[in-house]
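Student: I'd like to go through the charged side chains in this one. Can we take a look together?

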Amino acid sequence: MYTEFQKHLQAELQSIREAGLYKNERVIVSPQSSGIKVDNNGKETEVINFCANNYLGLADNPELIKAAKERMDKRGYGMASVRFICGTQDTHKQLEKAISDFFGTEDTILYAACFDANGGLFEPLLTDEDAIISDALNHASIIDGVRLCKAVRYRYKNGDVADLEEQLKKAQEQRFRIIATDGVFSMDGNVCPLDKIYELAKKYNALVMVDESHSAGVVGKTGHGVTELYNLRGQIEIITGTLGKAFGGSVGGFTTGRKEIIDMLRQRSRPYMFSNSIPPMIAAAGLKTFELLTRDNTLQDRLHENTEYFVTRMKAAGFDIKPTQSAICAVMLYDARLSQEFAAALQDEGIYVTGFYYPVVPQGQARIRVQVSAAHTKEQLDKGVAAFVKVGKQLGVLA
């Protein structure tokens, strides 16, 4: 049987290559940081990294590494169990409290990843009597979570509150309603209009769910996310997020919000009930992250300064940049093959980026997504802009 299936897969893969959509994985041979070493045909090459979610530069932070090592010595390597059997340690409960304190929420539940948090969110809470109203550009994990739920589905145009209101009017036929949105939309860098969403939720008796994966640690004066940006801290019923981006860049996700919602997820959320607990060392490093972020605002301030500096210089150079309120700078190239050629040429210049194209972004919307970090120096930012300009002229993107 596999012979026929193999031929089918080979043909599909070849068509992906011919369309310029095949994704190759490049190998890093150093810690994740603003400057990394990559394996270039057996030779180590140093590059400046502009495509990690390492927004606060914590992925190689010595305090996090120390906390992880110390906790592994005291609590072991892994839990070998799910939470409700024998997979809960004191560190897990401490981290959940720290996350709740950071977001001003009542309780928190940990997952192996935010994909699991979103995937296991809706089905335990809603039935076919209820409704989910979802932003059209929500992350794949939210989309999959919605698919796993029997609730009636509505979709509104990205950030379009007028369209959202129309969908909410239709959803009045259902019993309960949840509006689901990303805090920051990862491919464009725009922030959801949470203040207007919140007002519509009150008007049409709906709950609000926000995925803060790309916004927590980044958006808001002190980096507490979109609820801080819109002065809604503690007002949103459900927030999901990750430890894999600004909060240390490792693994682990969470849902934080109203106590009863979190309690129900502990009872019925399948990714939580049937997946091992995150390792003690990961929980300890996460705990140290929130300790650092409540100590002072140095990293958040530096990230905001770096982002404004880089985006301003890229726009002045003539690049087509999506409007952004985050640390994401989408450099629009529109053509999939061009985005790959551009990224490859930048790596030759010592700049590590990735070209994004369909199906990650819509057809004809290919781009290079630059992600700025608090760890970037001004020299690294300047080198990045200079390389973009050089390659942009070589490939005809800039005059």
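Student: How many salt bridges does the count come to?

Tutor: First, this is a predicted model, where local features need pLDDT of at least 70 and side-chain atom pairs count only at pLDDT 80 or more, while totals for chains, interfaces and linings use all residues. Residues are numbered from 1 along each chain as its sequence is written, and side-chain values use heavy atoms, with hydrogens and water left out. A salt bridge here is a side-chain nitrogen of Lys or Arg within 4 Å of a carboxyl oxygen of Asp or Glu. By that rule, the count comes to 21.

Student: Which residue forms a salt bridge with Glu96?

Tutor: Side chains of opposite charge can pair when their charged atoms come close. For Glu96, the closest N and O atoms of the pair are 3.2 Å apart. The pair links distant parts of the chain, with Glu96 in helix α4 (residues 90–103) and its partner in helix α10 (residues 259–268), 170 residues apart; helices are DSSP runs of H or I with at least four residues, strands are E runs of at least two, and both are numbered from the N terminus. The partner is Arg266.

Student: Is Arg266 buried or exposed?

Tutor: Buried means under 20% relative accessible area, exposed over 50%, and partly exposed in between (1.4 Å probe, protein chains only). Arg266 has a relative accessible area of 15%, so the label is buried.

Student: Where does Asp107, which also meets Arg266 in a salt bridge, lie?

Tutor: The Asp107 and Arg266 side chains meet at 3.9 Å, N to O. Arg266 is in helix α10, so this pair ties together parts that are 159 residues apart in sequence. Asp107 itself counts as partly exposed, at 22% relative accessibility. Its place is strand β3 (residues 107–111).

Student: What is the relative accessible area of Lys322?

Tutor: Lys322 meets Asp188 in a salt bridge at 4.0 Å, N to O. Asp188 lies in the loop between β6 (177–182) and α8 (194–203) and Lys322 in the loop between α13 and β10 (328–334), so the pair ties together parts that are 134 residues apart in sequence. Asp188 counts as buried at 12% relative accessibility. Lys322, on the other hand, is partly exposed, at 23%.
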